[in-house]
Amino acid sequence: MIKKELPLLEELLKYHKENNLILSMPGNKCGKGFLRDDIGRKFVNNLGFLDITEVEPLDNLHCPEGIIKEAQDLLSKTYGVKKAYFMVNGSSGGNLVSIFSAFIEGDEVLVERNCHKSIYNGLILRKLKVTYIEPIIDKKNGVFLPPNEENIYKALKKANNPKGIILTYPNYFGICYDIENVIKDLKGKGMKIIIDGAHGAHFGVNEKLPKSIVALGDYVVLSAHKTLPALTQGSYLLVNEYNNNIEFYISAFMTTSPSYLIMASLDYGRYYLDKYADQDYEKLIILAEEWKKKINTINKVHILNKDDLEDGYDLDLSRYLIVLKDGYSGHKLLDYLRTKKIQAEMSFSSGVVLILSPFNAEKDFEYIYNSINELDLNSLKENSNIEYYNVIPSKVMEPYEVFESEWKFVDIEQCEGEISKDAIVPYPPGIPLICAGEIISKEIIEIINNYIENNKTVIGVVNKRLKILDV
């Protein structure tokens with residue numbers, strides 16, 4: 001087999017040539033989002049020629065005094081926050097900056113068990129004590145839900161002296177919980193609020209979308225590149241408290257050679273929100289809801305509506321959360337859609353997520369409809385005997401303590417009572433069954449074995465062995 005001279009570039013060009021319907025990230029839909037107006041078209045048509053470094057008069061992201069400062073000031077005005085920053089290394093960088101700015105070593109924080117990997121990394125690097133907020137599983141629809149008021153206060157009651165809370169709004173399915181009053185109460189108790197709002201940069205721009213809560217968080221991180229016309233890695237960090245150290249942490253966690261292409265796209269994403277987003281999302285959601293009804297009448301898949309969820313939950317109507325009946329595989333549905341040149345955002349056990357966009361035309365929805373109509377459900381059948389778990393392991397060590405500890409591989413059957421070195425994450429539902437520093441119980445071993453017997457993925461298991469602390 002002859003190796004390619006440019007394996008990555010050639011495959012990328014090949015994928016572009018497929019001309020797939022992009023219903024995944026990025027929010028610019030592979031450049032189409034910049035075609036909204038003349039200045040956007042000029043930007044996307046000149047991308048390669050606009051790559052530059054910090055020269056006059058282009059300002060410096062690490063010490064903005066000119067056009068970058070002006071652009072960030074406009075961003076803070078758009079979202080109604082005290083300060084706003086461009087992040088060129090994604091929301092992961094924003095999450096790390098937020099954690100280091102809000103807390104000091106040894107602080108205790110409440111954290112959703114199913115938070116983003118960058119949050120776990122921040123907990124370890126900042127050496128924080130953790131009290132987990134347990135997720136909720138919607139067994140009827142096969143999706144996990146954000147924690148509700150009851151779960152948050154249950155975690156608060158377990159904590160000793162929490163200094164803050166880190167929440168995800170919305171989750172990866174586009175589902176969010178009405179936590180406004182909870183946040184206000186926790187702030188009244190003196191707790192710092194960090195919101196990983198990666199999938200909600202567009203929230204609040206139209207009344208048909210979930211409301212924005214950026215004004216309530218001390219630190220809010222938004223992945224502009226996920227839902228807005230911005231380049232991948234482009235994110236916003238919004239801040240509502242005065243902190244003398246935040247600029248230091250931004251410089252510490254971000255490259256000293258920031259991409260002007262990403263920054264310019266972040267400026268355009270903000271401009272798009274101000275100028276077009278309200279009317280564009282209005283049209284999109286009206287169109288999406290009309291076609292949702294048509295697709296659901298086919299009776300092969302079901303696109304969730306808000307009333308399919310429990311009280312208190314809201315759903316981002318600018319994405320399709322498609323679920324299948326029991327016995328059918330969401331992963332196989334994702335593969336089927338790829339054969340139809342539809343790129344979904346992700347699959348899970350019982351369905352897929354499609355991220356829609358104001359840049360989708362009616363013909364795109366008609367194409368989705370026809371593809372679902374042509375679907376042979378029998379091709380998606382899957383036999384499995386998996387039931388979602390509901391266990392709360394006992395934590396005996398903090399994640400940062402585990403990170404610095406010696407470990408060894410041990411057969412699963414010999415792990416009862418041992419301390420796990422890594423998070424163990426079965427799919428479905430993709431929620432950590434156990435986190436680093438928690439005790440492996442007999443029940444947990446039985447759950448892992450059940451997944452293995454049903455040929456399901458369990459991250460953290462290697463050849464039926466687990467990493468445990470060597471103590």
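Asp 178, Glu 180, Lys 184 and Lys 211 are linked in a network of salt bridges, and the questions below concern a predicted model.

Reader: How many salt bridges does the structure hold?

Author: Side chains of opposite charge can pair when their charged atoms come close. Counted over the structure, the number of salt bridges is 25.

Reader: How many residues apart in sequence are the parts that Lys 127 and Glu 404 tie together?

Author: Lys 127 lies in the loop between H5 and strand S4 (129-133), whereas Glu 404 lies in the loop between H13 and strand S18 (407-411), so the pair ties together parts whose separation in sequence is 277 residues.

Reader: Is Arg 270, which has a relative accessibility of 9%, buried or exposed?

Author: Arg 270 and Asp 267 both lie in helix H10 (residues 260-298), 3 residues apart, about one turn of the helix, and their side chains meet in a salt bridge of 3.0 Å, N to O. Asp 267 has a relative accessible area of 29% and is therefore partly exposed. Because the cut-off for a buried residue is under 20% relative accessible area, Arg 270, at 9%, counts as buried.

Reader: Which element gives the largest share of the lining of the largest pocket?

Author: The largest pocket has a volume of about 940 Å³, and of the 38 residues that line it, the closest to its centre are Cys 115, Lys 117, Tyr 120, Ala 423 and Val 425. The elements that give two or more residues to this lining are helix H5 (117-125), strand S6 (143-145), strand S16 (346-348), helix H13 (399-403) and strand S19 (425-427). With 5 residues, the largest share comes from H5.

Reader: How many nonpolar residues does the lining of the largest pocket have?

Author: By class, the lining of the largest pocket divides into nonpolar, polar and charged residues.

Reader: What accessible area do Leu 6, Leu 9 and Leu 13 have together?

Author: Leu 9 lies in helix H1 (residues 7-18) and, at 41% relative accessibility, counts as partly exposed. With Leu 6 and Leu 13, Leu 9 forms a nonpolar patch on the surface, and the accessible area of these residues together is about 280 Å².

Key. Residues are numbered from 1 along each chain as its sequence is written. This is a predicted model: local features need pLDDT of at least 70, side-chain atom pairs count only at pLDDT 80 or more; totals for chains, interfaces and linings use all residues. Side-chain values use heavy atoms; hydrogens and water are left out. On a 1 Å grid over the protein atoms alone, a cavity is a set of points where a 1.4 Å probe fits but cannot get out, and a pocket is an open set with protein on both sides within 12 Å along at least five of seven lines; lining residues have an atom within 4 Å of a point. Grid points are joined across faces, edges and corners, and a volume is the space filled by probe spheres set on the points. Helices (H or I, at least four residues) and strands (E, at least two) are DSSP runs, numbered from the N terminus. Ala, Val, Leu, Ile, Met, Phe, Trp, Tyr, Cys and Pro count as nonpolar, Asp, Glu, Lys and Arg as charged, and the others, Gly among them, as polar. Patches are made of residues with over 30% relative accessible area and no salt bridge: like charges are joined within 9 Å, nonpolar side chains (Val, Leu, Ile, Met, Phe, Trp, Tyr) within 5 Å. Accessible areas come from the Shrake-Rupley method with a 1.4 Å probe; for residues, only the protein chains shown count as cover. A salt bridge is a side-chain nitrogen of Lys or Arg within 4 Å of a carboxyl oxygen of Asp or Glu. Buried means under 20% relative accessible area, exposed over 50%, partly exposed in between (1.4 Å probe, protein chains only).
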